[in-house]
Amino acid sequence: MPELLRLTGVSRRFSGLQALRDVNLSVAPGEVLGLIGPNGAGKTTLVNTICGVTPANSGTILFDGTDITRTKPYQAARRGLSRTFQIVQPFAEFSALDNVAAAALFSQPGESLKSAREAAREHLAFVGLDAQADQPAATLTLAMRKRLELAKALAMQPKLLFLDEVNAGLNSAEVERATELIHQLARSGITIVMIEHLMKVVLNVCTRIVVLHNGHPIADGAPREVISNPAVVEAYLGQQYAQRTARHG
Amino acid sequence: MTRSNIALLILIACVAALPLFGGAYALRLGTIACMYAVLALSWNVVGGFAGYPSFATAAFFGFGAYFAGVLMGKGWPLAAAVVAAAIAALIAATLLGAVLLRLRGHYFAIASLSLAEVLREVVNNATDLTGGGMGLNIPLASGSGVMAEATFYFYAMWGVMLLTAIMVIVVAQTKLGFALNCIRQNETASSMVGLNTTLAKSIGFGLSACFVAAAGGIYAAWVHYIDPSDVFDILYSVKPIVMALMGGLGSPLGVACGAFLYLGLEEVVWRNYIQIHTGVLGVLIVLLLLFLPHGLTSLRFDRLRRRAKHA
């Protein structure tokens, strides 16, 4: 199967901090890849680097057959890479509808304001925000704003969708609802890379998991396999705990 | 078109009737009013829509004045010189914007502030072309009498104001205005949804420069003599911001009203408190901004009426 995304030897450094170190990673079309790792492992940096926000210092990134290592964020967005932000980034004064319309308008060539608003209505309905369409984004609850982020990302008609902790800060009912949405997206054929801390969601949704630790992938494979991998347990819980579980099973 | 934009066009149409009622003094004030409205409406594109606090208005004003002034000195007719100045400003500001608008917030404000200083020094030192600190005389047009000339320059400035208003209204309703609005609210998110923010900001900057330069060109012809400290005066950068704040940031109608209100205040204060006029004007502006922080547009006359009824 051809790859949708391939990273070869990608590194990124912030002055003294090596945030990403020689990352090799590939994503196949239709996959739902879970990107996990302890805090500060470089998960968000990896997404930022792929999207062009913090370009790689070395290495190459191929997306859909073209080199996007040096593209700007807006160019990446027009190529079909879209993302949600861990810390939601709405256009606060705009209505929910115009938030989504902006995404449709600027990512699709030849879209007019009117057609963008029409498309936006459908995406809002999909994430269940049609009742809030005319409400300013600043007045929505956190769960709604997270779904608004999702609607914005979808309005860009992505080939590859990054979900950066869409479930952080949500209660369990809201998490269930969001998980159901992700399932639906996956079924519709969008390739998804999700950063997620809730293992329940990861195991439920992902077809494959990559674990990042200190900016480097330490495990890559089927969900159940990966979470019982000693290196992963060590990364999360420390060496001593890993040794103890290895001894006592 | 929204109601406030229609109101703006009606307001501008009413201003056009001024020569029917006023003498030379009224025409002079009217010309300045139109000029202020051009500056404030133009500033609103960058400062109001895109949220970039630009202090570059004086630079564009002086640029237009000198560009048109030098051309008129070489025998160009007024209209051609003004159009040339506007186009040159549009191109120069768009290119400059691509560099300057990478800075955000205070950094951008300072950089745009320095623009007028740099241009002033360039003009000061290009003595052969601009006359340097000695200033530049602009040849008089045909001696057609004081009133005819006053009326002519009033309508010239009024025409630029009308064009500026139309530009602002069109920008507000098209993709560009939507883009600038997005940039003001969240620039990071804007680029992540596929908006080329640098391009949108640069075009906005260029558009905000071009009519200011046209107004500068007409101003130069109107006063017949310009010098660097006059047309690159920092007040040309500050006043439009005050007008926009007084009228209501982002709203074209509010900004135009703010310009007229500002001129009214300036004139009344100047006539009555000649020795302390800048102080009194300053206090008035502070009071206005304190008690009406969102400008004239935040006044809701229907609400006032309702309150009066309940009282």
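## Reading the model

Residues are numbered from 1 along each chain as its sequence is written, and chains are lettered from A and ligands numbered from 1 in the order in which they are written. Because this is a predicted model, local features need pLDDT of at least 70 and side-chain atom pairs count only at pLDDT 80 or more, while totals for chains, interfaces and linings use all residues.

## Chain A as a whole

Let's start with chain A, which has 10 helices and 10 strands. Here helices (H or I, at least four residues) and strands (E, at least two) are DSSP runs, numbered from the N terminus. The radius of gyration of chain A, taken over C-alpha atoms, is 18 Å, close to the 18 Å that the globule rule gives for 249 residues, so chain A is as compact as a globular protein of that length. The globule rule is 2.2 Å times the number of residues to the power 0.38. Along the principal axes, the C-alpha atoms of chain A fill a box of roughly 60 × 40 × 40 Å.

In chain A, 46% of the 249 residues count as buried. A residue is buried if 20 or more other C-beta atoms lie within 10 Å of its own, exposed if 12 or fewer, and partly exposed in between, with C-beta atoms placed from the backbone. Two residues are in contact if their C-beta atoms, placed from the backbone, lie within 7 Å. Among the contacts in chain A between residues at least 6 apart in sequence, 63% join residues at least 24 apart.

## Two domains in chain A

Chain A is divided into domain 1 (1–80 + 159–249) and domain 2 (87–157); such bounds come from an automatic or database domain assignment. The centres of the two domains, taken over C-alpha atoms, are separated by 25 Å.

Where they meet, 9 residues of domain 1 of chain A are in contact with 8 residues of domain 2 of chain A. On the domain 1 side, α2 (73–79) and α6 (172–187) of chain A each supply at least two residues, and α6(A) has the largest share, with 3 residues. By class, this side of domain 1 divides into 6 nonpolar, 1 polar and 2 charged residues. (Ala, Val, Leu, Ile, Met, Phe, Trp, Tyr, Cys and Pro count as nonpolar, Asp, Glu, Lys and Arg as charged, and the others, Gly among them, as polar.)

The expected span is 1.5 Å times one less than the number of residues.

In α6(A), Ala178(A), Leu181(A), Ile182(A) and Leu185(A) are buried. They cover an arc of only 100 degrees around the axis, which puts them on the same side of α6(A); the arc is that of the directions from the helix axis to the C-beta atoms. An α-helix has 3.6 residues a turn, so residues three or four places apart point the same way. The buried residues of α6(A) pack against α5 (142–155), β7 (160–164), β8 (191–195) and α7 (199–205) of chain A. On the other side of α6(A), Ser172(A), Ala173(A), Glu180(A), Gln184(A) and Arg187(A) are exposed.

## An enclosed helix

Helix α3 (residues 96–107) of chain A has 12 residues and reaches 17 Å from its first C-alpha to its last, close to the expected 16 Å. In α3(A), 12 of the 12 residues are buried, so this helix is largely enclosed by the rest of the structure. Among the buried residues are Leu97(A), Asp98(A) and Phe106(A). Their cover includes α2, α4 (113–126) and α5 of chain A, together with α9 of chain B.

The secondary structure of chain B comes to 16 helices and 2 strands. Its radius of gyration is 19 Å, close to the 19 Å that the globule rule gives for 311 residues, so chain B is as compact as a globular protein of that length. Of these 311 residues, 48% count as buried.

The contact between the chains takes 14 residues from chain B and 19 residues from chain A. On the chain B side, α9(B) gives the most, with 5 residues. This side has 7 nonpolar, 6 polar and 1 charged residues.
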